Amino acid sequence: MQAIDIKLLRDFRRLWLQAVAIALVLACGVAILLTSVGMYKALSETRTAYYERNRFADIFAQTRRAPLSLLAEIARIDGVMSVETRITGAATLDIPGRTRTAVGKVLSYPEDSDPLLNLPFLVKGRFPDPISTKEIVVNEPFAIANGFKLGDSFSANLRGQKRTLTIVGTALSPEFVYTIGPGALMPDNEAFGIIWMPERAAAAAYDMTGAFNDVSIAVASGMTTAPVIDALDTLLEPFGGLGAYDRTTQQSDAFLDAEIKQLKGMAAILPPIFFLISGFLVSMVMSRIIMLERSEIGLLKAIGYSNTEICLHYLMLAALIAVVGVGVGWVAGTMLARTMAWQYAQFFDFPFLIFRVSYWVYAASGLAALLTTSLGATQAALKAARLAPAIAMQPPAPPRFKRSFIDDAMAHMRLSQSTVMILRSLLRWPLRSFLTSLGLALAVASVVSSTFINDALTEIVDMAFYQTNRQDAMLLFADDLPEAVLEDVRHLPGVLQAESQQFHAAILRNGHLTKRVPVESRRPGNDLSRVLDADGNPLDVPANGVVLSKRLATHLDVKPGENVDIEFLTGRRETFSVTVTALVEQHFGLGAYMNLEYLNALFRQAPRVSTVNITLDTDQSDALHAAVKNTPHIAGIVEMNENRRSFENTIEENIVVMNTIYIVVAVLITIGVTYNAARIQLSERARELASLRILGFGRGEVSYILVGEMMLIALVAQPFGWLIGAGIAQLMTSAFTSDLYAIPLVLEPSTFALASLVVLGAALASVMIVRRRLDRLDLVSVMKTRE
Amino acid sequence: MAEVVFKTEGVTKVYETGDVKVYALAGVDLELFKGELTVLLGPSGSGKSTLLNILGGLDHATDGRVWFDGTELTDMSDRGLTKYRRDHVGFVFQFYNLVPSLTARENVQLVTDVSPDPMPAEEALTLVGLGNRMDHFPSEMSGGEQQRVAIARAIAKRPQILLCDEPTGALDSSTGVQVLEVLRDINERFGTTTVVITHNAEIQRMAHRVIFFQDGKISETRVNKTRVAPSEIVW
């Protein structure tokens, strides 16, 4: 090994704490890049493979009842590659050992062949015997959540027919990667299951012999779905078609897609920030090293080392830091990606997970890290190369301070000399002070932009469960019933309050802008399920017109007072032009609300209900569930408490993990920035500070200059950090908003306080480590050392 | 007549530090001969170090011309000067300028790694009497020892010229004498043209020739008829 390389390694060893502080920031960037790209690739590749292998359909449609003869016509639609018709239906399930009602979605399984589309992936057992009326396959998560084994049975209420069903197999399906039951906000695998039943048995149960009520279509490659959807809607219209839709509106895929997009966004936004910070840190440290090694550089030149060799020597030092950062980042990133993959595997129901972070991601992250550190070091290295040897070996000229109005102001304020030294040094190197402050501001922003989600979710939960959906439970009916059913519901055990609600699938149009949403209608004065205006006050849906959620109104570009066309997909499939009367705040889904009487008047029918919201005497909950299981018209019961608990649990787990990661990241950035800045301060000012000690300043007074300057920079960074954090939070809320949900921007003072506490604490700890060096300063030798 | 190694004509050097202009050299004409040990003597700021830097290819003259062994250095490129230093010049500085993170041996290897025909680092260190201190770091050595490492580093490339800037400036008398002994020994053993800068008038007694500097100019040149051994010098 050449002597200059030995010098390189020894320099690195001497600087190892500073190098590690930088390397860890770099490692964060590399790890987050690996994790987000790895997870993004894993999810999207798994999805693609799964959809392809199990023939996930492109277009979906439901209808009330269409004759099987229509199948041939659908198949003739231009662009259709394959069609599958099914019978689907709802079932309330009475599971042994479970007092609460569960809800099942029944899907028919073809008699003589495998399904052409949406092929279930058999996990255990076998598919049901085509002529059996009992045998079923259930989705694997439902079986696991309820502890089912093959051969277990439970009782089901299928449109008023009670049947005992026996599980002969468990399966997963590309249709149900993310499964949410009717009326629920989050997956609850214990309360909602998918049931594959032989076609013949399903037809008998739902009175669908010779008919179907569900169509899936795969379009030929290269074809767009829109014309096929139009043609299919035309064919299904006479048979009560509820409007065909493509994958973007298919619930499971929409959720999966939203997640994949988030990961992609994360991969694009976060790593560059870390790379930038580490580039800046490298540049800061390298500039100082080169300042300190001026005479060594001069010597190397004097004995014949070329500019290129010297430049490379310092670039290699930066590269070594990058190598450590990349190494740590690769290990941490691989582990983090695996952990996240495991979390996703819990969250999404895939039969397999294609997890491989391809080599190019490793290579790209390594290259990016190497490039940013080299770029950070380039300026300093070039400066080293450009130093004229004769000048390099002389001590540098003292930094030039000039009097300015600020000095006059300082004099006016009668500040102590130590404070003046601090302020003057900040002003003497404004760019450095600014960049150090910016680095710390980014650390603050990292905490703000991740922890605000806590408050946002608290707000979502408060709004969804305490302000708008205040009912204890929702009773779902298989078909709309006359409003008189409300009286029957009030007589069910434990029911204290009952209010009606009606849902109609509809397409809202304003010019070329359309959105498919359920229109919800209710009676004025309803207290359990409410909507809120912009100020958070409950709003009674006016007697006429429609109330829209803000996001829906924005999508359709309508304002209150303007009209929107509502094409109802149910009943007579009529279209009405209705005035938008008000806008409401809503975080889940896109809502449209009408007065129950007004809606039924439009339909020219007596008021009907689709669901009844109830409050419960919890002591009688078991009796209610027992009654529900035996009531033919009830398709299911959704308990809001369960819903809320499942929502909170899922979110909490993810939030704790994410917050921990981002707080660690903020601490690493803070240490990286503060420790390095303080070490540089110390090395630049060692003589100055030692002189003060010799003049009689105490340790505390001298360290005040060092600690004071760093902490002042850290304090100045706080408001900028809050602002940047709020900006990133704002970006995140708009990036994460989809038709499925919206994250409100809720910024509580506690979020800012936590961020500042974390960053100021870490900054103080880092600078105190450097302070210990100051305490150990050997006064005599410092004064003797030639700069 | 001995062969001329260095020749300068009207060398001028102006330093601009901030707003201040300093005339370090104001027209120096000089010839240095092969195998000669020359002492440049003068007070601080008289321009000795500046001249040495220009002769050593560390700096360019503002005006005037410089030749080494018939080759003109005046307008040589940076790359050319680097090669010139690497192949021909050995430097010894007042403050040793050792790399603190390298041992004595490794400091010498810095030079032997890049020069075309070096002697082994161990041989160079033995020549300066440090054969038994090769694996010590600079911080573990006395000032005299450090300066001897610097000399070993300078001679390891078998330079044609050895340029020493105040080599005893940071040393006490007895340690300084040891260093001067080494310099004379090298000069005699290898015939290396040696230039020693000093403001210590005593040291002139060991030189073949003494050049006096004053205000950036040569004020006097004197040939020593009798040279004394460094051991006889005291200050």
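A:V20 sits in helix α2 (residues 16-53) of chain A; helices here are DSSP runs of H or I with at least four residues, strands are runs of E with at least two, and both are numbered from the N terminus. A:V20 is partly exposed, with a relative accessible area of 30%. On that scale, buried means under 20% relative accessible area, exposed means over 50%, and partly exposed is in between (1.4 Å probe, protein chains only).

Keep in mind that this is a predicted model: local features need pLDDT of at least 70, side-chain atom pairs count only at pLDDT 80 or more, and totals for chains, interfaces and linings use all residues. Residues are numbered from 1 along each chain as its sequence is written, chains are lettered from A and ligands numbered from 1 in the order in which they are written, and side-chain values use heavy atoms, with hydrogens and water left out.

**Confidence**

- Chain B averages a pLDDT of 89, and 100% of its residues score at least 70; pLDDT is the predictor's confidence in each residue, from 0 to 100.
- For the complex, the predictor gives an ipTM of 0.77 and a pTM of 0.75.

**A nonpolar patch on chain A**

- A:V20 teams up with A:W16 and A:L17 in a nonpolar surface patch, and together they have about 260 Å² of accessible area.
- A patch is made of residues with over 30% relative accessible area and no salt bridge, where like charges are joined within 9 Å and nonpolar side chains (Val, Leu, Ile, Met, Phe, Trp, Tyr) within 5 Å.
- Accessible areas come from the Shrake-Rupley method with a 1.4 Å probe, and for residues only the protein chains shown count as cover.

**Where the two chains meet**

- On the chain B side, 25 residues are in contact with 23 residues of chain A, where contact means heavy atoms within 4.5 Å.
- About 2,300 Å² is buried between the two chains, and carbon and sulfur atoms give 58% of that. Buried area is the accessible area (1.4 Å probe) that two parts lose on being put together, summed over both.
- The rule finds 2 salt bridges across this interface. A salt bridge is a side-chain nitrogen of Lys or Arg within 4 Å of a carboxyl oxygen of Asp or Glu.
- B:E106 makes a salt bridge with A:R10, and their closest N and O atoms are 2.4 Å apart.

**Salt bridges elsewhere**

- Side chains of opposite charge can pair when their charged atoms come close.
- Over all chains, the structure holds 49 salt bridges.
- A:R100 and A:E639 pair up through their side chains at 2.3 Å, N to O. A:R100 is in the loop between β3 (88-94) and β4 (102-109) of chain A, and A:E639 is in strand β22 (residues 634-639), so this pair ties together parts that are 539 residues apart in sequence.
- A:R522 and A:E520 meet in a salt bridge at 2.4 Å, N to O, and both residues are buried.
- Over in chain B, the side chains of B:R105 and B:E122 form a salt bridge at 2.7 Å, N to O. This pair links distant parts of the chain, with B:R105 in helix α3 (residues 104-112) and B:E122 in helix α4 (residues 121-127), 17 residues apart.
- B:E122 is partly exposed, with a relative accessible area of 29%.
- Back in chain A, salt bridges with shared partners join A:K7, A:D11, A:R14, A:E293 and A:E296 into one network.

**Covered spots**

- Helix α8 (residues 294-302) of chain A is mostly covered, with 8 of its 9 residues buried. Among them are A:R294, A:E296 and A:L299.
- In strand β3 (residues 37-41) of chain B you'll find B:L37, which is buried with a relative accessible area of 0%.
- Leaving out residues up to four places away in sequence, B:L37 touches several others, including B:R184, B:M206 and B:R227.
- The C-alpha atoms of B:L37 and B:V210 are separated by 8.8 Å, though the two are 173 residues apart along the chain.

**Backbone angles to look at**

- After α8 of chain A comes A:G304, with a positive phi near 110 degrees.
- A:R55 isn't a glycine, yet has a positive phi of about 50 degrees.
- B:D215 isn't a glycine either, and has a positive phi of about 50 degrees. B:D215 is in the loop between β9 (209-214) and β10 (217-223) of chain B, and counts as exposed at 61% relative accessibility.
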